[in-house]
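Here are my notes on the model, as numbered points. Please read them with the structure open.

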Amino acid sequence: LLKPVLVGGAIDSTAGTLTAPDLDFNIEWELTEDLTSHLFISPTDEGESGQYTLQVKKGHENMFKSLFEHFVIEIQNHGRVNMAGYDCDKVNKAYVEKDSKTFLSSDLLRSQVGGLFELLKEGKSFGDFTPKDFSQTGAARTMALDVNKFFRKSLLTALIQIPDHYLSIFNKFVDDSCKKILPELEVDYTPVLTIPYDQVTADLKLWENRDSWLLDHETKEKIKEAKGTLVAKSLEKDES
């Protein structure tokens, strides 16, 4: 159901060549054909913007919502370790009703990933990170390591106890040296949905009829074996 995937510069060895080292993660929920067969995936224009809407087919609403419910609950609670703390009462917020049509809401993969924000709390997975760039329209969430905090905590763990009369020296050492010893680190964390290649829209398959030395038979087959990736995008800015 859920798969974390390391992408970007950490894969092609370009991370940190121009900027601080970073790790790019896609957190993927795989939608099978049983689910996508109930959806219309349509471009918002002629396809040039690369933006699409996901509409539930007329008459398929009950079936799709029944199949998709556990995905919604998992996404909305992603980051929460204890299932006893899951919030299962916001499933309907995953949908937008417009002109008697039902669409998937882009906020499902954005502001509704409630457990993600809990990971930034003290003692959690990203407890030593601070929010840096939480896009107002996109799904990516960039968090930066609080180098000073991490360095200080790591030293205190190793030293166990520091006499009071040495604390000022210790604090000065941390403030002056932490970024000389430890690199800055950023993590891009992007929730996405993946769909079978067969369900990708026609405008994204135009390459199949193109001749290029880059597209040999083996490469074409690898592309077709891969999956399409849906990343949330809101047309309206918010503060989440």
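1. I start with helix α6, which runs over residues 167–181 and has 15 residues. From its first C-alpha to its last, α6 reaches 20 Å, close to the 21 Å expected at 1.5 Å a residue. Keep in mind throughout that this is a predicted model.

2. The α6 helix also has a kink of about 35°, centred on Asp175. Which residues of α6 are buried? They are Phe170, Val174, Ser177 and Cys178. In an α-helix there are 3.6 residues a turn, so residues three or four places apart point the same way. The cover over the buried residues of α6 includes helix α5, residues 147–159.

3. For the protein as a whole, there are seven helices and 10 strands. Of its 240 residues, 34% are buried. The accessible surface comes to about 14,800 Å², and carbon and sulfur atoms account for 53% of that surface. Among contacts between residues at least 6 apart in sequence, 61% join residues at least 24 apart.

4. The largest nonpolar core has 47 residues. Which of them touch the most other members? Phe64, Phe68, Phe126 and Leu193 do. Helix α3, residues 61–76, gives the most to this core, with six residues. Phe126, leaving aside its neighbours within four places in sequence, is in contact with Leu119, Leu120, Met143, Val187 and Tyr189.

5. The buried residues of α3 are Glu61, Phe64, Phe68, Phe71, Val72, Ile73, Ile75 and Gln76.

6. His38 is in the loop between α2 (33–36) and β3 (39–43). Is His38 buried or exposed? Its relative accessible area is 13%, and because the limit for buried is under 20%, His38 counts as buried. Leaving aside neighbours within four places in sequence, His38 is in contact with Gln55, Val56, Lys57, His60, Met63, Phe64 and Leu67. His38 and Glu61 are 23 residues apart in sequence, with their C-alpha atoms 8.1 Å apart in space.

7. Asp128 sits in the loop between α4 (114–118) and β7 (129–134). With a relative accessible area of 13%, Asp128 is buried. The side chain of Asp128 makes a polar contact of 2.8 Å with the side chain of Lys153. Not counting residues up to four places away in sequence, Asp128 touches Ala144, Leu145, Asp146, Lys149, Phe150 and Lys153.

8. Arg110 is another charged residue to check, in the loop between β6 (101–104) and α4. How large is the relative accessible area of Arg110? The value is 1%, so Arg110 is buried. The side chains of Arg110 and Asp107 are joined by a polar contact of 2.8 Å.

9. Leu204 is found in the loop between β9 (186–196) and α7 (217–225). Its relative accessibility is 46%, so Leu204 counts as partly exposed. Leu204 and Gly50 are 154 residues apart in sequence, yet 9.0 Å apart in space, C-alpha to C-alpha.

10. The last point concerns backbone angles. Most residues other than glycine have a negative phi. Where is Asp99? Asp99 is in the loop between β5 (95–98) and β6, and its phi is positive, near 50°. Ser100 is found in the loop between β5 and β6, with a positive phi near 65°. Asp99 is exposed, with a relative accessible area of 66%. Ser100 counts as exposed at 61% relative accessibility.

How values were computed: Residues are numbered from 1 along each chain as its sequence is written. This is a predicted model: local features need pLDDT of at least 70, side-chain atom pairs count only at pLDDT 80 or more; totals for chains, interfaces and linings use all residues. Side-chain values use heavy atoms; hydrogens and water are left out. Helices (H or I, at least four residues) and strands (E, at least two) are DSSP runs, numbered from the N terminus. The expected span of a helix is 1.5 Å times one less than its number of residues. The bend at a residue is the angle between axes fitted to the seven residues ending there and the seven starting there. Buried means under 20% relative accessible area, exposed over 50%, partly exposed in between (1.4 Å probe, protein chains only). Contact means heavy atoms within 4.5 Å. A nonpolar core is a set of buried Ala, Val, Leu, Ile, Met, Phe, Trp, Tyr and Cys residues joined through side-chain atoms within 4.5 Å. Accessible areas come from the Shrake-Rupley method with a 1.4 Å probe; for residues, only the protein chains shown count as cover. A polar contact is a pair of N or O atoms within 3.5 Å; within protein, one must be able to donate a hydrogen and the other to accept it, and residues adjacent in sequence count only if both atoms are side-chain atoms.
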